[in-house]
Amino acid sequence: MRSYDLSPLFRSTVGFDRLSRLLETATTGDEATAAYPPYNIEKMSEDSYRITMAVAGFGLDDLTITAHQNSLTVTGKAKKEEASGQFLYRGIAGRAFERRFQLADFIKVSNASLLNGLLHIELAREVPETMKPRTIRIDAAKDAPARIDAEPAPALTQQAA
């Protein structure tokens with residue numbers, strides 16, 4: 001098991017608590033639960049993403065998607081199937097799961113759909129107008145003093161010499 005001491009990084013920083021939690025979560029994780037269910041993360045355009053999860057055997061009523069602050073949680077609760085026969089091999093996992101994704105600032109869930117055993121979650125970056133860069137128009141001053149081109153006063157010229 002490997003562990004990293006990140007305290008030297010945070011000695012002189014303020015407000016990076018979320019970053020430290022993100023690093024701790026990334027470094028400590030159970031590899032077995034991290035593989036189920038399998039998923040893809042796609043960048044669709046500059047400001048849109050899609051998470052696709054393989055959730056075969058789960059219906060609409062079995063899945064829950066929760067977005068809270070900068071976290072997205074997908075939970076699947078498998079329903080109990082009554083065995084109609086004897087399985088010789090059971091390869092389709094129907095166990096419950098909880099998958100968490102950390103979202104960057106201004107990433108919002110825009111849509112979710114379930115099609116052919118694939119859960120698609122559409123994400124979009126929505127930067128508020130106050131945070132977007134804007135160009136400030138420069139106006140000419142209305143009451144600007146008139147510029148007078150004149151020779152320097154003789155007193156100033158004599159002092160400089």
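Colleague: Which residues have the most contacts inside the largest nonpolar core?
Modeller: Met-53, Phe-97 and Leu-123 do, in a core of 16 residues, where a nonpolar core is a set of buried Ala, Val, Leu, Ile, Met, Phe, Trp, Tyr and Cys residues joined through side-chain atoms within 4.5 Å. This is a predicted model, in which local features need pLDDT of at least 70 and side-chain atom pairs count only at pLDDT 80 or more, while totals for chains, interfaces and linings use all residues. Residues are numbered from 1 along each chain as its sequence is written, and side-chain values use heavy atoms, without hydrogens and water.

Colleague: And which elements give two or more residues to this core?
Modeller: Those are β2 (48–54), β4 (71–76), β5 (97–102) and β7, strands being DSSP runs of E with at least two residues, numbered from the N terminus.

Colleague: What order do the strands take in the open sheet?
Modeller: The order of its four strands is β1-β2-β7-β6, with antiparallel pairing, and two strands pair if DSSP finds at least two bridges between them. β1 (39–45) and β6 (107–115) each have a single partner strand, so one side of each lacks a neighbour in the sheet.

Colleague: How many bridges join β6 and β7?
Modeller: Eight, in the antiparallel sense, and Asn-111 stands opposite Glu-122 in β7.

Colleague: Switching topic, is Tyr-36 buried or exposed?
Modeller: Tyr-36 counts as buried because its relative accessibility is 13%, the cut-off for buried being under 20% relative accessible area with a 1.4 Å probe, protein chains only. Tyr-36 lies in the loop between α3 (31–34) and β1.

Key:
Buried means under 20% relative accessible area, exposed over 50%, partly exposed in between (1.4 Å probe, protein chains only).
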